[in-house]
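Reader: Hi! Could you walk me through this one?
Author: Happy to, let's look together.

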Amino acid sequence: MIDFDPSSFGLAHTYQKEDKDEINTLALPSAPQVIYKTLNGPTQVNGGNKLNNFKHGTTTLGFVFKEGILLAVDSRASMGSFLSSEQVRKVIEINEYLLGTMAGGAADCQYWLAYLANHCRTYELKNGSKLSVAAASKFLQGILIGYRNSGLSMGCMIAGTDTTGQHLYYIDNDGMRLKGDIFSVGSGSTYAYGVLDNHYRYEMSLNEAVELGIRAIYHATHRDTASGGVVRVYHIHQNGWTKVHDGIDVVDLHYQFAQQKGLVGDGDEAKQRLF
Amino acid sequence: MSGIFEYNGGSIVGMKGKNCIAMACDRRFGQQMSTITTNYQKVFKIQDNILLALSGLNTDIHTFYALMEKEINLYNLKENRKMKPTTFANLVASALYERRFGPFFVTPIVAGLENGKPILATYDSIGCKSDLDDFQVGGTGGNYIYGACEAFFKPDMNPEELEEVIGQSLVSGCDRDALSGWGGVVYVLTEQKLTVKILKTKQT
């Protein structure tokens, strides 16, 4: 508990019990709450009580490079330790020039991104021009701030193209909206960042970018239990988006990468004792 | 995924065949959602005709195995003979109950061949022995493996069939469990030999 001088905060009035008849401008908390914000979990007050949050069991990533934006996602859905599906579509096609990635509650992401799609189309019809990525992401942020503390779970990226170029935004259920060049969201994001940060260059070609996205997702699926299935890759360019890969099985990728290194890939390169 | 039995994850399965037994286990060693290694040993050869498979908290897997290894070595030295599988099965139950109020967080399966007759026993973590079934499972993926076992199992299979069936059951079961997998090993024990086969599974 940290002691501080209330007057240093420039408050006009501090709430005292006997002052309840007067108008208070601001109520002062007795101890400052320490708020931890993480990219792949909900806001945790006073340290939170769980290291792993399974509502965000996934790995999605996106990065900006000279040919546009690359999005890569896994396809696993888990309920605790039960794998409910290995074929989920975590990139939501909002319209021909906007894509959204899904992390957290699938229902929340699907519904609100469809709502955003509706809003974008209405705007286009009323105003004769497409909604910018900045405005679309801001609209979504506004909705999520309104539902703050009501239990929505969303950690999504909005990526798209408009008259000013290709842009990538991260939006979450706390109402955070960040514009950036590299994002990875979900329980496997830490593993993906390791690979992504190592090889990312803005001047990459499309092939190199696709390869990097696939590799980063693969590494996350190998280490993180809540990520797996297949890798789906999308590319956003000035004419909209293209689905580069609809589903590359990470199991095949594992043995492929192992073979490239001259290994078997059974995880037992050290030839441990078997019995 | 709370719970001490779900901390490391892992699955095991044992089956009886015609004058043979088979055990299979996954190879994952994890800490909650993170996978640390993919070559952790969960099936141990206690004696030429006895296999012990353990699932649960990995530290207790190792400790309990070391305890059983000690017991069987002392038995061999004191009695100057091999231990029978049914005797070992009872020993496991007593050893677990000895720690009734501070148990080992493991669910063992013991499999062996006694005069050619297959023995399979499974326990809860405090030593309740159950030895009447033809196949048994353990671990976080256990329930999913049960489904596959019921579908594929038939009594009195020969060693080759048994190896195929137990391998398939393990893999299908582990594919639905986030905490098990990352490799598989199948052990088939007959009067003549012990065959150990590493399965190529999903590494995700």
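**Chatting through the model**

Author: B:Ser180 counts as buried, with a relative accessibility of 3% (buried is under 20% relative accessible area, exposed over 50%, partly exposed in between, with a 1.4 Å probe and protein chains only). This is a predicted model, where local features need pLDDT of at least 70, side-chain atom pairs count only at pLDDT 80 or more, and totals for chains, interfaces and linings use all residues. Residues are numbered from 1 along each chain as its sequence is written, chains are lettered from A and ligands numbered from 1 in the order in which they are written, and side-chain values use heavy atoms, with hydrogens and water left out.

Reader: Thanks! Where is the place of B:Ser180?
Author: B:Ser180 lies in the loop between H4 and strand S11 (184-190) of chain B. Helices (H or I, at least four residues) and strands (E, at least two) are DSSP runs, numbered from the N terminus.

Reader: And which side chains does a polar contact join to B:Ser180?
Author: The side chain of B:Ser180 has a polar contact of 2.6 Å with that of B:Ser11, and one of 2.6 Å with that of B:Asp177. A polar contact is a pair of N or O atoms within 3.5 Å; within protein, one must be able to donate a hydrogen and the other to accept it, and residues adjacent in sequence count only if both atoms are side-chain atoms.

Reader: Leaving aside its neighbours within four places in sequence, what is B:Ser180 in contact with?
Author: Beyond those neighbours, B:Ser180 is in contact (heavy atoms within 4.5 Å) with residues including B:Gly10, B:Asp26, B:Arg28, B:Thr140 and B:Cys174.

Reader: Switching to holes: how many cavities of 30 Å³ or more are there?
Author: The count is 3 cavities of 30 Å³ or more, and the largest cavity has a volume of about 120 Å³. Of the 16 residues lining the largest cavity, B:Cys174, B:Asp175, B:Ser180, B:Gly181 and B:Trp182 are the closest to its centre. On a 1 Å grid over the protein atoms alone, a cavity is a set of points where a 1.4 Å probe fits but cannot get out, and a pocket is an open set with protein on both sides within 12 Å along at least five of seven lines; lining residues have an atom within 4 Å of a point. Grid points are joined across faces, edges and corners, and a volume is the space filled by probe spheres set on the points.

Reader: What does the lining of the largest cavity divide into?
Author: That lining divides into 6 nonpolar, 5 polar and 5 charged residues. Helix H4 (residues 159-174) of chain B gives the largest share, 3 residues. Ala, Val, Leu, Ile, Met, Phe, Trp, Tyr, Cys and Pro count as nonpolar, Asp, Glu, Lys and Arg as charged, and the others, Gly among them, as polar.

Reader: Nice. How far apart are B:Lys202 and B:Trp182?
Author: They are 20 residues apart in sequence and 6.0 Å apart in space, C-alpha to C-alpha. B:Lys202 sits in the segment after strand S12 (194-199) of chain B.

Reader: Which side chain does B:Lys202 make a polar contact with?
Author: The side chain of A:Glu86, at 2.4 Å. Among the other residues in contact with B:Lys202 are A:Arg76, A:Val251 and B:Asp175.

Reader: OK, over to H5 of chain A. Which residues are buried there?
Author: In helix H5 (residues 250-260) of chain A, the buried residues are A:Val250, A:Val251, A:Leu253, A:His254, A:Tyr255, A:Phe257 and A:Ala258. Their cover includes helix H4 (206-223), strand S13 (230-237) and strand S14 (240-249) of chain A.

Reader: What's at the start of H5(A), and what follows H5(A)?
Author: At the start, a side-chain oxygen of A:Asp249 comes within 3.0 Å of the backbone nitrogen of A:Val251. A:Gly262 follows H5(A), with a positive phi near 80°.

Reader: How much space lies in the second largest pocket?
Author: About 320 Å³. Of its 17 lining residues, A:Tyr218, A:His222, A:His254, A:Lys261 and A:Leu263 are the closest to its centre. H4(A) gives the most to that lining, with 5 residues.

Reader: Last one: is A:Asn149 buried or exposed?
Author: A:Asn149 is exposed, with a relative accessible area of 81%. Its phi is near 65°, a positive value in a residue other than glycine.
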